[in-house]
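Colleague: Could you walk me through a few of the labels in this model? I'd like to see the cut-offs behind them.

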Amino acid sequence: RNTNDDSYHCKITFTKGKYWNPNVNGIEGVVMDGHGKAVHRLFGKWHDSLFCGTPASSRCIWKANPMPKDFELYYGFTQFALELNELDPLVKPFLPRTDTRFRPDQRLLEEGNVEAAEAQKQRIEQLQRDRRRVLEENRLEHEVQFFRKSTDDSWVSTGTYWELRKDPGFSKLDCPVLW
């Protein structure tokens, strides 16, 4: 849902399918105008391509890139997935400490140090259990910082993330030790 403009919205449904069924990984959707009238139909497979129109008359609006060389060696990840955890030195000062690109277990795994990655993962999971226990003992709930629940139970951005990222003001946030 576009929270800045209610003239259009889109509802996407991931279709149920069994592994041997041709509908596996299928998606269907509809783009509606501000009055709820369907203006576009979408369909395809989330891992392959997305089409707009009807099956008889459609155009491809998105197609997955080809798999990178030796992708089998990298858990079958796409090029996008391989680059997702990269930490650009120019962006680093603007990121919150909660950004998962700072996770030491992921970085160690990417570097091929499986044993150290597993040890870090265990440490991080213990920190999570400790935080959850403290919240439960004090009858507190986790406070979400950058999103709020809307009236239709979906999560929408509060806009504070991008405001803090400009400053950079993440260093001013009180964050628990995550990693």
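Colleague: What is Arg-165 in contact with, leaving aside its neighbours within four places in sequence?

Modeller: Val-91, Phe-94, Leu-95 and Phe-170, where contact means heavy atoms within 4.5 Å. This is a predicted model, in which local features need pLDDT of at least 70, side-chain atom pairs count only at pLDDT 80 or more, and totals for chains, interfaces and linings use all residues. Residues are numbered from 1 along each chain as its sequence is written, and side-chain values use heavy atoms, with hydrogens and water left out.

Colleague: What makes you say that Arg-165 has no salt bridge?

Modeller: A salt bridge needs a side-chain nitrogen of Lys or Arg within 4 Å of a carboxyl oxygen of Asp or Glu. The nearest side chain of opposite charge to Arg-165, Asp-99, is 6.2 Å away, so no salt bridge is assigned.

Colleague: Why is the pair Lys-166 and Glu-163 called a salt bridge?

Modeller: Their closest N and O atoms are 3.2 Å apart, which is within the cut-off, so the pair qualifies. Lys-166 and Glu-163 are three residues apart in helix α4, about one helical turn.

Colleague: Why is Lys-166 called exposed?

Modeller: Exposed means over 50% relative accessible area, buried under 20%, and partly exposed in between (1.4 Å probe, protein chains only). Lys-166 has 60%, so Lys-166 is exposed.

Colleague: And why does Arg-133 count as partly exposed?

Modeller: Its relative accessibility is 40%, so Arg-133 falls in between those limits. Arg-133 also forms salt bridges with Asp-130, at 3.4 Å, and with Glu-137, at 3.7 Å. Shared partners join Asp-130, Arg-133 and Glu-137 into one network.

Technical notes:
Lys and Arg count as positive and Asp and Glu as negative; His and the chain ends are not counted. Helices (H or I, at least four residues) and strands (E, at least two) are DSSP runs, numbered from the N terminus.
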